[in-house]
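This note sets out comments on the coordinates shown below, as numbered points. Please read each point alongside the structure.

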Amino acid sequence: MSGPASSLPLDRSWQHPGLDSFAEAGLFRYGRSFREVVLTARGRLCYLATPYSKLSINDDGVWCPAASLDCSSKAARCARALALEGVTAISPIVQAVEMIHADAVAQTMDPLDDDFWTVWCWPLLNLADAVIVPQIDGWAESNGIWAEVRVALM
């Protein structure tokens, strides 16, 4: 692939100048108000990209069920607010966290397996018309959100 999207680095870089061409084309909007997001997203299938991996661990770097549920709850509140405004936003975090917690006894799913969850999320991302990144604490440090935005722009 060539063009502006291919110039976006794999490593997270929200200040990368390559994003400017997407902004100029109206494909990337940064720092929009909730109202602006609603007006742009209404009637479209939207992918809700919210932080998880770095926020779902405890101080020892071990996955924490309570922190995981907190990530899901924050994503669900965003999806709810959007739904009440007529925006259909799918949240892979809400669904994945429910699956992970339903699997607590069997423990066949690793909540921090980036490769597994990336493959699982991609079909949802590919079906979406837009990606919404709410300003939940941790979004700017999320490598997963960067990857999702980068792929969506490509």
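1. Helices (H or I, at least four residues) and strands (E, at least two) are DSSP runs, numbered from the N terminus. The model is a predicted one, in which local features need pLDDT of at least 70 and side-chain atom pairs count only at pLDDT 80 or more, whereas totals for chains, interfaces and linings use all residues. Numbering starts from 1 along each chain as its sequence is written, and side-chain values use heavy atoms, with hydrogens and water left out.

2. The second largest pocket. A pocket is defined on a 1 Å grid over the protein atoms alone, as an open set of points where a 1.4 Å probe fits, with protein on both sides within 12 Å along at least five of seven lines; lining residues have an atom within 4 Å of a point. Volume is the space filled by probe spheres set on the points, with grid points joined across faces, edges and corners. The second largest pocket has about 650 Å³. Its lining counts 33 residues, and Ser53, Asp114, Asn143, Gly144 and Ile145 lie nearest the centre. Helix H6 contributes the most to this lining, with eight residues; E1, helix H4 (92-102), H5 and H6 each supply at least two.

3. Composition of that lining. The residues lining the second largest pocket comprise 19 nonpolar, seven polar and seven charged. Here Ala, Val, Leu, Ile, Met, Phe, Trp, Tyr, Cys and Pro count as nonpolar, Asp, Glu, Lys and Arg as charged, and the others, Gly among them, as polar.

4. The largest pocket. Helix H2 (34-41) provides the largest share of the lining, five residues. Other elements supplying at least two residues include strand E1 (45-48), helix H3 (65-84) and strand E3 (130-132). By class, the lining of the largest pocket divides into 24 nonpolar, six polar and five charged residues.

5. Nonpolar cores. A nonpolar core is a set of buried Ala, Val, Leu, Ile, Met, Phe, Trp, Tyr and Cys residues joined through side-chain atoms within 4.5 Å; buried means under 20% relative accessible area, exposed over 50%, and partly exposed in between (1.4 Å probe, protein chains only). The largest core has 15 residues, of which Trp14, Leu19, Phe28 and Leu153 touch the most other members. Two or more of its residues come from each of helix H1 (18-24), helix H5 (114-127) and helix H6 (143-153), and H6 has the largest share, with four. Beyond four places in sequence, Trp14 has contacts (heavy atoms within 4.5 Å) with Leu19, Phe28, Trp139, Ala140, Ile145, Trp146 and Val149. A second, separate core of 12 residues includes Leu48, Leu82, Ala89 and Ala130.

6. Cysteines. What is the number of disulfides in the structure? There are zero, a disulfide being a pair of cysteine sulfur atoms within 2.5 Å. Cys46 is buried at 0% relative accessible area, whereas Cys64 is partly exposed at 22%.

7. Two individual residues. Ser68, in helix H3, is buried at 0% relative accessibility. Setting aside neighbours within four places in sequence, Ser68 contacts Tyr52, Ser56, Trp63, Val97 and His101. Thr118, in helix H5, is partly exposed at 35%.
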